[in-house]
Amino acid sequence: MKIVKTKKALAECLNSFRTQGRMITLVPTMGALHTGHLSLLRLALETDNGIVVCSIFVNPTQFNDPEDLQKYPRPIEQDIALLEQVGCDVLFLPEVSEMYGEQEEWSMDLGMLDQVWEGAQRPGHFQGVTQIVYKLFEAVQPDRAIFGQKDLQQYLVIEEMVRQKGLPVQLMMAPTVRDDKGLALSSRNVRLSPTGRQQALVLNQSLRHVVEGLSRWEAGETSLQTLQREAMDLLEKAPGVHVEYFTICDRRTLLPAEENIETTNIVVLVAAWVEGVRLIDNMVVT
Ligand code: AMP
């Protein structure tokens with residue numbers, strides 16, 4: 001695997017592949033790689049004769065909480081070993097100074113997507129996300145980029161940015177990878193104790209409560225409001241868990257679902273704190 005730290009070296013490395021007509025797929029990450037990230041890379045690697053670029057960059061502009069940025073895990077040697085094992089072609093590993101000048105302005109009108117759920121709870125987060133993903137797309141000029149469903153709102157925001165800026169990149173979304181008990185994998189999970197991991201399972205349980213209840217809703221035996229209240233009860237009664245939001249939405253807009261929504265358009269979203277770690281998860285009907 002080739003490791004490059006500057007945009008110039010990256011362009012040199014990728015131009016030779018591009019002239020060979022090879023499809024370039026980018027998987028942007030903040031490192032502390034786990035099986036969820038690797039599933040994105042494996043999906044990228046399925047293309048014959050393609051080139052897979054993974055970026056690892058803990059982007060300061062998307063952290064609205066300085067403590068979260070400071071505590072973000074950075075096990076780079078382990079990440080490099082995992083990327084080698086999975087067969088990644090190029091690792092782009094820039095310093096902050098390579099990606100940002102002294103004072104940069106960035107502002108995009110992302111509409112409601114920037115104002116609900118993650119947008120509401122983490123002011124400025126999606127401005128930082130679009131800022132860095134735009135820079136990464138500029139640096140890599142990928143044909144495709146893959147993101148995880150785990151961060152569904154982030155995916156919708158990036159889709160909106162690509163649309164507004166008219167970028168020639170195809171976006172793909174990969175399903176959420178969970179541990180054997182159902183906890184969605186996240187780089188932040190390493191900060192949970194065994195007890196915290198156990199307590200965090202209620203996030204998955206609350207999402208499943210709604211998704212599994214949808215057949216009763218379709219049969220007219222319950223309402224979305226009731227399912228939401230029951231799930232919220234589960235979360236509020238769970239020891240060690242502080243809920244930020246739990247909502248049943250339209251997966252295309254993230255606006256609250258109306259009772260006449262098609263089941264396949266439903267997504268259930270949750271954000272909660274366990275042991276000072278902020279966790280998010282979501283579930284769609286499959
Ligand atoms: P991050 O390093 O947290 O910024 O995540 C990098 C990419 O991996 C994003 O597109 C995430 O949505 C995706 N990702 C994170 N956790 C998971 C997971 N458990 N399953 C699938 N994709 C994930």
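Which strands does helix H9 lie across, and at about what angle does H9 run to S8?

Modeller: Happy to! A word on the basis: this is a predicted model, in which local features need pLDDT of at least 70 and side-chain atom pairs count only at pLDDT 80 or more, while totals for chains, interfaces and linings use all residues. Residues are numbered from 1 along each chain as its sequence is written, and side-chain values use heavy atoms, leaving out hydrogens and water.

Helix H9, residues 194–218, lies across S7, S8 and S9 and runs at about 160 degrees to S8. Helices (H or I, at least four residues) and strands (E, at least two) are DSSP runs, numbered from the N terminus. Axes are lines fitted to C-alpha atoms, for helices over the stretch in contact (heavy atoms within 4.5 Å), and angles run from 0 to 180 degrees between N-to-C directions.

Now the sheet itself. Strands of a sheet pair through backbone hydrogen bonds, either parallel or antiparallel. Here three strands form an open sheet in the order S7-S8-S9, with antiparallel pairing; two strands pair if DSSP finds at least two bridges between them. S7 (241–250) and S9 (277–284) are the edge strands, each pairing on one side only. From one strand to the next, the twist averages 15 degrees. Nine bridges join S7 to S8 (residues 266–274) in the antiparallel sense, and Val 243 stands opposite Ala 272 in S8.
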